[in-house]
Amino acid sequence: MKIYKDFDFSKISYIRIGHTGKLIVAENMDDLSQIKMMEETKILGNCSKVLFSKKRYKKNFYKLGGDFLKIEKLNDETIMVGAGVKFTTFINFMINENLTGFEELVGIPGTIGGMIKMNAGAFGKNISNNLVSLETLDGKKDKSEIYFSYRETNIESVITFATFRFVKGKKSRIMKNIEKFIKLRKRNQPQDAKTLGSTFKNPTSYQPAWKLIDDVGLRGFCVNDICVSAKHTNFIINRGKGSGTDFLKLVSIIKKKVYEEKKIELELEVEIL
Ligand SMILES: Cc1cc2nc3c(=O)[nH]c(=O)nc-3n(C[C@H](O)[C@H](O)[C@H](O)COP(=O)(O)OP(=O)(O)OC[C@H]3O[C@@H](n4cnc5c(N)ncnc54)[C@H](O)[C@@H]3O)c2cc1C
């Protein structure tokens, strides 16, 4: 187990907002069992969906390292992957193995654990689609035992490993698909921005959150350095010195305005810690 006493959480937060505190890295199951005994803990993935909104926390934050960063072939099409593995690493593994099935998700900056917990998805594909089973701190779970919905699951335990099944494809076709989805992302989303991706869930597919926010005139609107992206109005970006308080202020302005003008209650997709 590695313990970093004065870890700067803003360094790993995708929106570059965070406090300084203790970060524990669990490298194996023994470490996780010890962490389980601690009071108030919170597992972190790649911090691309969580906002550290406070200056101080009582809880212990921890991440997965060591054993949880392994990828293992169970057979040609069935892969077991550690929950701490970054999706970018996993997609590169898939390309090398000529496995197809996750091209739509390329560009999502999460870990396997965080993406399964959020049921991350894009362009009609969700990470749960190819899932076979999960290992968690509370034991093995088949996919059929887990409830998956839009950016939501009922997983309460810590995911340690996931098993996926894919089919073999042609590398040239896989690469073509990946390029297509990267292009679409570049066209619609701000690039290299400090952000947590979509801030709100889409109330319905024909009333996407970005449209509602755009309709009420908040494109580009800022609270200090925290702004509604001019390129994708459901993305909130940090121009530099934004704080958790600014982020929450902007969220409440957006929710209020959308409710007043559209009578729709926007629900956060970003998790506020
Ligand atoms: C530029 C950008 C683009 C994005 N595009 C998309 C997109 O297209 N589609 C999409 O769905 N999302 C998108 N996101 C959001 C984000 O990447 C996903 O929600 C991703 O699933 C979060 O994974 P993470 O590892 O960063 O999790 P974190 O943000 O670290 O954590 C998210 C939640 O998962 C929990 N968690 C993390 N690891 C585990 C584990 N091992 N076991 C149990 N729970 C765990 C955390 O406790 C927390 O509740 C985007 C974000 C950015 C910044």
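This report walks through a predicted model, from its domains and sheets to the ligand shell and a few single residues.

## Ground rules

Residue numbers start from 1 in each chain and follow the sequence as written. Because the model is predicted, local features need pLDDT of at least 70 and side-chain atom pairs count only at pLDDT 80 or more, while totals for chains, interfaces and linings use all residues.

Helices and strands here are DSSP runs numbered from the N terminus (H or I with at least four residues for helices, E with at least two for strands). Two strands pair if DSSP finds at least two bridges between them.

Twelve residues of domain 1 and 13 residues of domain 2 take part in the contact between them, where contact is defined as C-beta atoms, placed from the backbone, within 7 Å.

On the domain 1 side, helix 1 (29-37) and strand 5 (60-64) each supply at least two of the residues that touch domain 2. By class, this side has four nonpolar, four polar and four charged residues. In that scheme Ala, Val, Leu, Ile, Met, Phe, Trp, Tyr, Cys and Pro are nonpolar, Asp, Glu, Lys and Arg are charged, and the others, Gly among them, are polar.

## Around the ligand

Let's turn to the ligand. Its shell holds 31 residues, and G45, G110, G113, G114 and G197 come nearest; a residue is near a molecule if its C-beta atom, placed from the backbone, lies within 6 Å of it. The shell divides into 16 nonpolar, ten polar and five charged residues.

Which elements each supply at least two residues of this shell? They are strand 3 (41-43), helix 3 (112-118), strand 9 (121-122) and strand 17 (195-198). Helix 3 gives the largest share, five residues.

Strand 1 (2-8) pairs with strand 2 in the antiparallel sense over five bridges. Within this pair, Y4 has L23 of strand 2 as its bridge partner. Strand 2 (20-26) is also joined to strand 5, this time in parallel and by four bridges, with V25 partnered by K63 of strand 5.

Five strands form an open sheet in the order 6-7-15-11-12, with antiparallel pairing. Strand 6 (71-73) and strand 12 (139-142) are the edge strands, each pairing on one side only. On average, neighbouring strands in this sheet are turned by 20 degrees against each other, direction ignored; the axes are lines fitted to C-alpha atoms (for helices, over the stretch in contact), and angles run from 0 to 180 degrees between N-to-C directions.

Strand 17 is antiparallel to strand 20 and joined to strand 20 by two bridges, and S198 stands opposite F235. Strand 19 (residues 226-228) pairs with strand 20 in the antiparallel sense too, over three bridges, and I226 has N238 as its bridge partner. Strand 19 and strand 20 form a hairpin with six residues between them.

## Single residues worth a click

Most residues other than glycine have a negative phi. R16, however, has a positive phi near 55 degrees. R16 sits in the loop between strand 1 and strand 2 and is partly exposed, because 16 other C-beta atoms lie within 10 Å. K263 has a positive phi as well, near 60 degrees. The loop between helix 6 (244-262) and strand 21 (271-272) holds K263, which counts as exposed because there are 7 C-beta neighbours inside 10 Å.

Leaving out residues up to four places away in sequence, I178 touches E103 and V106. I178 and V251 are 73 residues apart in sequence and 33 Å apart in space, C-alpha to C-alpha.

Methods: Two residues are in contact if their C-beta atoms, placed from the backbone, lie within 7 Å. A residue is buried if 20 or more other C-beta atoms lie within 10 Å of its own, exposed if 12 or fewer, and partly exposed in between; C-beta atoms are placed from the backbone.
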